[in-house]
Amino acid sequence: MATPDVSSIDDVTFREGLEGLTPARIATLYRRAPLLRPVSDLDQVWTMFEQSSLVLTAHYRGELVGIARVLTDGVLNSYLCDLAVAPDVQRLGVGRALINQVLEHCAGTELVLRDSDISSGFYERLGFARVDNAWVIQASEV
Ligand SMILES: CC(C)(COP(=O)(O)OP(=O)(O)OC[C@H]1O[C@@H](n2cnc3c(N)ncnc32)[C@H](O)[C@@H]1OP(=O)(O)O)[C@@H](O)C(=O)NCCC(=O)NCCS
């Protein structure tokens, strides 16, 4: 589904929390952005959101067009799990507005994220610094 006639960020409204969200709406945005997430399992999608510290969304005429999802301890560490903006709403400042709201909520902490080839220029533009001391492993029962 395309989002018609969005020409300015002034047409976009922002919300905090899960109100008005459904896993299906979230999965549709993930698919469109695109952002690789477990969209075939809507229960998993909803658990990801219920267990998050902060969910910020952007809307245009009732349609979900942007999401930022964060885990934070509120003191030291914050992790930006998802940032996605619908293709027809990209480059209007929605991603920047969501990040600015995240930074406000997580003030005092260090915000970390994983980028992709298509988004690294965006984070650089917003003043993020690349780090080379991150390590990652897939957690599983031992
Ligand atoms: C990356 C993404 C969130 C950016 O959102 P957006 O709303 O289009 O970004 P904004 O309009 O707020 O852009 C802010 C600035 O970054 C620039 N920018 C945006 N995307 C960019 C990109 N991919 N590369 C370089 N610069 C970019 C904009 O031109 C703007 O520059 P300005 O300061 O001159 O105005 C969006 O393109 C997206 O959802 N992509 C697909 C999913 C994805 O990759 N998510 C991130 C996963 S880590």
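Visitor: How many nonpolar, polar and charged residues are in the shell around the ligand?
Guide: The shell has 10 nonpolar residues, six polar ones and four charged ones. Keep in mind that this is a predicted model.

Visitor: Which residues come nearest to the ligand?
Guide: Gln 90, Gly 95, Arg 96, Ser 119 and Gly 121 come nearest, out of 20 residues around the ligand.

Visitor: And which elements give two or more residues to that shell?
Guide: Strand E4 (77–85), helix H3 (94–105) and helix H4 (120–125) do.

Visitor: E4, then. Which strand does E4 pair with over four bridges, and in what sense, parallel or antiparallel?
Guide: E4 pairs with strand E5, residues 110–113, and the sense is parallel.

Visitor: What stands opposite Val 112 in E5?
Guide: Tyr 79 does.

Visitor: How does the chain cross from E4 to E5?
Guide: The chain goes through H3. That makes a β-α-β crossover, and the crossover is right-handed.

Visitor: Zooming out. How many helices and strands are in the protein?
Guide: Four helices and five strands. From the N terminus on, the order is β-α-α-β-β-β-α-β-α.

Visitor: What about overall dimensions?
Guide: The C-alpha trace spans about 45 × 35 × 30 Å along its principal axes.

Visitor: What share of the residues is buried?
Guide: Buried residues make up 24% of the 142.

Visitor: And contacts across the sequence?
Guide: Take contacts between residues at least 6 apart in sequence: 59% of them join residues at least 24 apart.

Technical notes
Residues are numbered from 1 along each chain as its sequence is written. This is a predicted model: local features need pLDDT of at least 70, side-chain atom pairs count only at pLDDT 80 or more; totals for chains, interfaces and linings use all residues. A residue is near a molecule or strand if its C-beta atom, placed from the backbone, lies within 6 Å of it. Ala, Val, Leu, Ile, Met, Phe, Trp, Tyr, Cys and Pro count as nonpolar, Asp, Glu, Lys and Arg as charged, and the others, Gly among them, as polar. A residue is buried if 20 or more other C-beta atoms lie within 10 Å of its own, exposed if 12 or fewer, and partly exposed in between; C-beta atoms are placed from the backbone. Two residues are in contact if their C-beta atoms, placed from the backbone, lie within 7 Å. Two strands pair if DSSP finds at least two bridges between them. A crossover is right-handed if, with the strands pointing away from the viewer, the path from the first strand over the helix to the second runs clockwise.
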